[in-house]
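Have a look at the model first.

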Amino acid sequence: MSRRKNKRSLRVEDAVEFFNYVVEEKPFLPVLIPLVLFAWAIERWVFSFSNWVPLAVAVWATVQYGNYQRRIIVEDLNKKWKRVILNTSPITPLEPCEWLNKMLTEVWPNYINPKLSSRFSSIVEKRLKHIKSRLIERIELQEFSLGSSPPSLGLHGTRWSTSGDQRIMRLGFDWDTTDMSIMLLAKLAMPLMGTARIVINSLHIKGDLLLMPVLNGRAILYSFLSVPDVRIGVAFGSGGSQSLPATELPGVSSWLVKILTDTLVKTMVEPRRRCYSMPAVSLRKKAVGGIIYVTVVSASKLSRSGLRLSPSRRQFDSTSEEHFVDKDLQTFVEVELEQLTRRTDMKFGSNPRWNSKFNMVLHEETGTLRFNLYECTPNNVKYDYLASCEVKVKYVEDDSTVFWAIGPDSGVIAKHALFCGKEVEIVVPFEGVHSGELTVKLVLKEWQFSDGSHVLDNLSSRSSLFGSSNFLPRTGRKVNITVVEGKDLIAKDRSGKCAPYVKLQYGKILQRTRTAHALSPLWNRKFEFDEIGGGEYLMIKCYSEDTFGDDSIGSARVNLEGLVEGSVRDVWIPLEKVNSGELRLQIEAVRAEGSEGSRGSTTHSNNGWLELVLLEAKDLIAADIRGTSDPYVRVQYGHLKKRTKVNRSITLMLHIIVMIL
């Protein structure tokens, strides 16, 4: 009996312990058990629940589905509200950019680096062609590579901000590359002779970059917030296998840094901005020049006090309009495009109206129109500079044109011309002054392309019926240039007369027209040149003949890329470095007789052009007793013999650096 009682007591204790454990782990169980027993009693003795169970399940499912839908709606509203806050907030939270730098690292070596290197190298080559010096005969770009290290963007994150109606993204820019290679070879002229090699092998640029989408996302303006930190590594050599470290010429590296920094300040440091266009359709054409009509319409709110007042004092005098009335103010506007300048007439008052129209020429796919405002003071020979503003022009690959300028309070003004011939009117405030606005009208009349086609006046791209020209340097074609006439030439003589003539230079060939005796002369003189590819310009200089020395009355340059056989280009070329004057030229490319098989021809022949360039030599033996030599090279091809000049290997490094930049 005692053993049975002990076994029963153990079972009860185990059951109580298990019940306590269940209650501790499942606190709702003590309440659930009585409810189950109560429901069983009702089911047993009162009425059955079998008819109510489906209804209860349906009600429960409906409630759960309603809660789920309500949660989805709440999440969607929260997302929309966050988006509204993000779009309306002046500053967004800082966001990391590790993914962007990772993607940039992957696509840089095989995509971005080759494209940027190719584009920058073509720009550098064009700049080098215009370098003229008595000590340097020729400068060549031998190698251009930006290296394998891409710039780092937004290392500390990026954020959006709002300035007026303009959204601005700010992110850090840090580019530190030590494996870039930009190599230049300069050939010295007589009496120095020899070659010199310049190598830029490292570059460091660090600053804050601003990105501003404009024209509903069709383009992005970009610039540095402030002057970036710049460092450059340079090495020098004599053109052979050896090279000298940068320390051999102290101060050159820091001087190059100053040159690059000044260039950045003038082009892409706030408020100066550059443009990257994003057309919906890319026609893959390279614009090499264009013709733009610039109309200076009027100015407003001009006054001596407002134009000479510091911009920081604008807030104190913004309510006063009295200083905008200056009836005695006599002003004119000078329009500047590279070296081409034109000037309006002089007008009186604070709101002068000129309506002066000028024909301007672009030599690239981009250009900067600068408008300088001057005051004419009575009994004073010199003009007083008052203020200036800029409008930049850029070709877009869908045959449209983008114009942009600095707006009020360093804002953004952007216009988009969908086709050539469309007039765009822009009201641009003068920079760095208290008051003053300039109204201009711009019409891009024509874009010219490297394949020979051109777009003008709302017409699609046109080319010759014979197709485009696929010429290379020294194609064997001839270029016929007819100097037809001139107009509005300036008179250097006090009597108001002029005896103009024109000099043409294409490559090393010089030609000259006869001397005329009129301010609007008629020559109709035709000249023939051998075609030279590679972006060679036709240089034009206009002189007025005089007994004591001829006076220059303007110059110009014409890009002859993309000439098409069978098509005559009839253009008016405005003269540079003067205030007026234009020359009318007719330009035509023709196939030379007996050159059917030259480069660019579609027919088959055994004739062609061979171009041999002797670059350098190394490890030559010393022929003289003193251990030196004066080497030269003779080349014979068939019956044709050529000889190079004697090279005494004299290097002038510092002067080459100065002339290149």
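## A strand and its neighbours

β26 and strand β27 (residues 551-559) run antiparallel to each other, paired over seven bridges. This is a predicted model, where local features need pLDDT of at least 70, side-chain atom pairs count only at pLDDT 80 or more, and totals for chains, interfaces and linings use all residues. Residues are numbered from 1 along each chain as its sequence is written, and side-chain values use heavy atoms, with hydrogens and water left out.

Strands here are DSSP E runs of at least two residues, helices H or I runs of at least four, numbered from the N terminus; two strands pair if DSSP finds at least two bridges between them. β26 and β27 make a hairpin with six residues between them, and G549 in that turn has a positive phi of about 130°. β26 also pairs with β23 (residues 500-506), again antiparallel.

| Partner of β26 | Bridges | A facing pair |
|---|---|---|
| β23 | seven bridges | P500 and S544 |
| β27 | seven bridges | I540 and A556 |

Six of the eight residues of β26 (residues 537-544) are buried, so the strand is largely enclosed by the rest of the structure. Buried means under 20% relative accessible area, exposed over 50%, partly exposed in between (1.4 Å probe, protein chains only).

Elsewhere, W99 sits in helix α4 (residues 98-129). Is W99 buried or exposed? At 57% relative accessibility, W99 counts as exposed.

Over in strand β29 (residues 582-591) you'll find E582. Its contacts (heavy atoms within 4.5 Å) beyond four places in sequence include R342, K487 and W572.
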